[in-house]
Amino acid sequence: IARHNTPGMFYQAGFILERDIEDGTHELQEGSGSKARAHFVTPVNFSPILSGQNGQITLKQNKADKTIEATFNYEIVHEGEVYKVENGKLFLRATGPV
């Protein structure tokens, strides 16, 4: 989860990944049956949470260093408008098992 929260401004983007997900490229899909999902929340849309679609996330895990790197892109549709998230990158050090 990545979050920005200052007076008058809040948004949060995150991914839900299966615990045993393997390295490689995974389609970002809606629904609990997906191996990888993207979500976006703002004060305007706390409910429902917006889901990423028509995109992918590519994962590379290093279990020895407890890190994960990813690149991603997806679309969010809100009130008929399409918003694109492109060339996203993340690097995380785990605080628990990878």
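How many bridges join strand β1 to strand β2? To find out, select residues 2–6, which form β1, and residues 9–17, which form β2: five bridges join these antiparallel strands. The model is predicted, and local features need pLDDT of at least 70, side-chain atom pairs count only at pLDDT 80 or more, while totals for chains, interfaces and linings use all residues. Residues are numbered from 1 along each chain as its sequence is written, and side-chain values use heavy atoms, with hydrogens and water left out.

Helices (H or I, at least four residues) and strands (E, at least two) are DSSP runs, numbered from the N terminus. Two strands pair if DSSP finds at least two bridges between them.

Remain with β1 and β2. Select His-4, which stands opposite Tyr-11 in β2. The two strands form a hairpin with two residues between them. In its turn, select Gly-8, whose phi is positive, at about 85°.

Next, select residues 36–41, strand β4, which pairs with β2 in the antiparallel sense over six bridges. Here Ile-16 stands opposite Arg-37 in β4.

Now turn to an open sheet of four strands in the order β3-β6-β7-β8, with antiparallel pairing. Its edge strands, each pairing on one side only, are β3 (24–28) and β8 (81–93). Neighbouring strands of this sheet are turned by 20° against each other on average, direction ignored; axes are lines fitted to C-alpha atoms, for helices over the stretch in contact, and angles run from 0 to 180 degrees between N-to-C directions.

Finally, select β6 (residues 53–62) and β7 (residues 67–78), antiparallel strands joined by eight bridges. Gln-53 stands opposite Glu-75 in β7.
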